[in-house]
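Trainee: Could you take me through this structure feature by feature, giving the general idea before the case at hand?

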Amino acid sequence: MSEKKMSSSRKHHLKSLMLQIAQELIAEEEAQSLEDRKQYMSENITPLQLTGSIAELQDLCKKMHQKIDVIDEERYDLGSKVGKSDKEIEDLKIKLQDLKGKFRKPVLKKVCMSADAMLQALLGSKHKVSMDLRSNLKQVKKEVKDEVKDAADWRKNIEDKAGMDGRKKMFESDL
């Protein structure tokens, strides 16, 4: 069964209907949020009653400042929670991308470059670097080891140390 293709006019008509429905939903959400805001304000804010006394006005100002501090703390806490959740969402997106494994490795070009040219490209033209690594090495002189002589002595005296008499001599010489 082959699928029937929609005509462009039909697609355009359906698209315009979807846009109209979306606009209506957005308008309803805005009206609902405005209504929620008004309801919250009416529940949490008391009407302002001003009296003539300066002391009472100062008390009112102090109470308002305390409420503002509490609200600022809540706003800060909510902002930090939102920031943490946004960061967590980004991390999860990255993990998801890694798990999908849809990264394509780029095909790398083979570059013919000497070691001197590579170092010059990395360090810039100001630095003169030569790849003569042997000139930077320390000269080490080999020392003749005494252990070789001891090994020869051990081989000579093996016959002398054979048997119980030889073992006795070994222990006596060590003391």
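Trainee: Is Cys 112 buried or exposed?

Mentor: Buried means under 20% relative accessible area, exposed means over 50%, and partly exposed lies in between, with a 1.4 Å probe and protein chains only. Cys 112 has a relative accessible area of 80%, so this residue is exposed, whereas Cys 61, at 41% relative accessibility, counts as partly exposed. Keep in mind that this is a predicted model, in which local features need pLDDT of at least 70 and side-chain atom pairs count only at pLDDT 80 or more, while totals for chains, interfaces and linings use all residues. Residues are numbered from 1 along each chain as its sequence is written, and side-chain values use heavy atoms, with hydrogens and water left out.

Trainee: How many disulfides are counted?

Mentor: A disulfide is a covalent bond between the sulfur atoms of two cysteines. The rule applied here asks for a pair of cysteine sulfur atoms within 2.5 Å, and by that rule the count is zero disulfides.

Trainee: Which side chains meet in a salt bridge?

Mentor: Side chains of opposite charge can pair when their charged atoms come close. The rule for a salt bridge is a side-chain nitrogen of Lys or Arg within 4 Å of a carboxyl oxygen of Asp or Glu, which gives a count of one. The partners are Asp 72 and Arg 75, at 3.7 Å from N to O. Both belong to helix 2 (residues 54-100), where they are three residues apart, about one turn of the helix. Asp 72 counts as partly exposed because its relative accessibility is 34%, and Arg 75 counts as exposed because its value is 57%.

Trainee: How many helices and strands does the protein chain have?

Mentor: Helices (H or I, at least four residues) and strands (E, at least two) are DSSP runs, numbered from the N terminus. The protein chain has five helices and zero strands.

Trainee: Where is confidence lowest, and where is it highest?

Mentor: Where pLDDT is low, the predicted coordinates should not be read in detail. This score is the predictor's confidence in each residue, from 0 to 100. The mean for the protein chain is 80, and 72% of its residues reach 70 or more. Confidence is lowest in helix 4 (residues 147-156), with a mean of 56, and highest in helix 1 (residues 8-44), at 94.
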